[in-house]
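Colleague: I would like a close look at a single part of this model and what packs against it. Please keep to what can be checked on the screen, and give the cut-offs as you go.

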Amino acid sequence: TPDLDDLVRSLLAERRDALDEKHLGLQHEGMANVAVAAPQKVLRVILGNLLRAVTQFADGGVLRVAVAADAVRIAHEGPPAAAEAAQLDVREHALGLGMIRRVCERWGWRLEEAVGANGDHAFVLRFT
């Protein structure tokens, strides 16, 4: 079973240009030797989509990604981009999350989402 933190590092590397474009700092807290009993492809799609969802409306701030033994937390701390842009894309965002939630249910995972009044936005994917 592949290491979860290696997968997260790989996804973050792939998104480096997108993060730079949105002026996002990156803080990554890894944990070695975390294995999740699911195909690498499934994890890659889910985590990639969550990273995209969190950073899509970001304009500056910090992306914090933390890998723990039973969860991955992906959070944007900082101002969201213009509200109009966010409003336009809410439906698409919701549709993408629906797909992610169905996949999570299939694997017995739980997806939690928190949006702060200050624009902070976080997802926690729990594997237990």
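Modeller: What follows is about the sheet, the helices packed on it, and some side chains in and around them.

This is a predicted model, in which local features need pLDDT of at least 70, side-chain atom pairs count only at pLDDT 80 or more, and totals for chains, interfaces and linings use all residues. Residues are numbered from 1 along each chain as its sequence is written, and side-chain values use heavy atoms, with hydrogens and water left out.

Start with the sheet. It is open and has 5 strands in the order E1-E2-E3-E5-E4, with mixed pairing. Strands (E, at least two residues) and helices (H or I, at least four) are DSSP runs numbered from the N terminus, and two strands pair if DSSP finds at least two bridges between them. At the edges are E1 (25–29) and E4 (110–115), each of which pairs on one side only. On average, neighbouring strands of this sheet are turned by 10° against each other, direction ignored. Angles in this account run from 0 to 180 degrees between N-to-C directions, and axes are lines fitted to C-alpha atoms, for helices over the stretch in contact.

Within the sheet, strand E2 (residues 62–67) and strand E3 (residues 71–77) run antiparallel and are joined by 6 bridges. To find one of these on the screen, take Val67, whose bridge partner in E3 is Val72.

Two helices can now be placed against the strands. Helix H1 (residues 4–14) packs on the sheet and touches E1, E2 and E3, its direction making about 160° with that of E2. Touching here is contact, meaning heavy atoms within 4.5 Å. Helix H3 (residues 40–55) lies across E2, E3, E4 and strand E5 (121–126), and runs at about 165° to E5.

H1 and H3 also meet each other. Their axes come within 10 Å and cross at roughly 50°. The two helices are therefore oblique to each other; angles under 35 degrees count as roughly parallel, over 145 as roughly antiparallel, 65 to 115 as roughly perpendicular, and the rest as oblique. From H1 the contact involves Leu4, Leu7, Val8, Ser10, Leu11, Leu12 and Glu14, and from H3 it involves Gln40, Leu43, Arg44, Leu47, Gly48 and Leu51.

Two of those names belong together. Glu14 and Arg44 form a salt bridge whose closest N and O atoms are 2.8 Å apart. A salt bridge is counted when a side-chain nitrogen of Lys or Arg is within 4 Å of a carboxyl oxygen of Asp or Glu, and by this rule the count comes to 7. The pair links distant parts of the chain, with Glu14 in H1 and Arg44 in H3, 30 residues apart. Glu14 is exposed, at 54% relative accessible area, while Arg44 is partly exposed at 27%. Buried means under 20% relative accessible area, exposed over 50%, and partly exposed in between, with a 1.4 Å probe and protein chains only.

H1 also carries Asp5. At 4% relative accessibility, Asp5 counts as buried. Neighbours within four places in sequence aside, Asp5 is in contact with His28, Gly30, Met31 and Val67. Val67 is the residue named above as the bridge partner of Val72.

Glu112 is partly exposed at 27%, as is Arg110 at 43% and Arg126 at 26%.

Finally, look at the loops on either side of E1. His23 is in the loop between helix H2 (16–21) and E1, and has a positive phi of about 55° although it is not a glycine. Asn33 is in the loop between E1 and H3; its phi is also positive, about 60°, and it is not a glycine either. His23 is exposed at 58% relative accessibility, and Asn33 is exposed at 72%.
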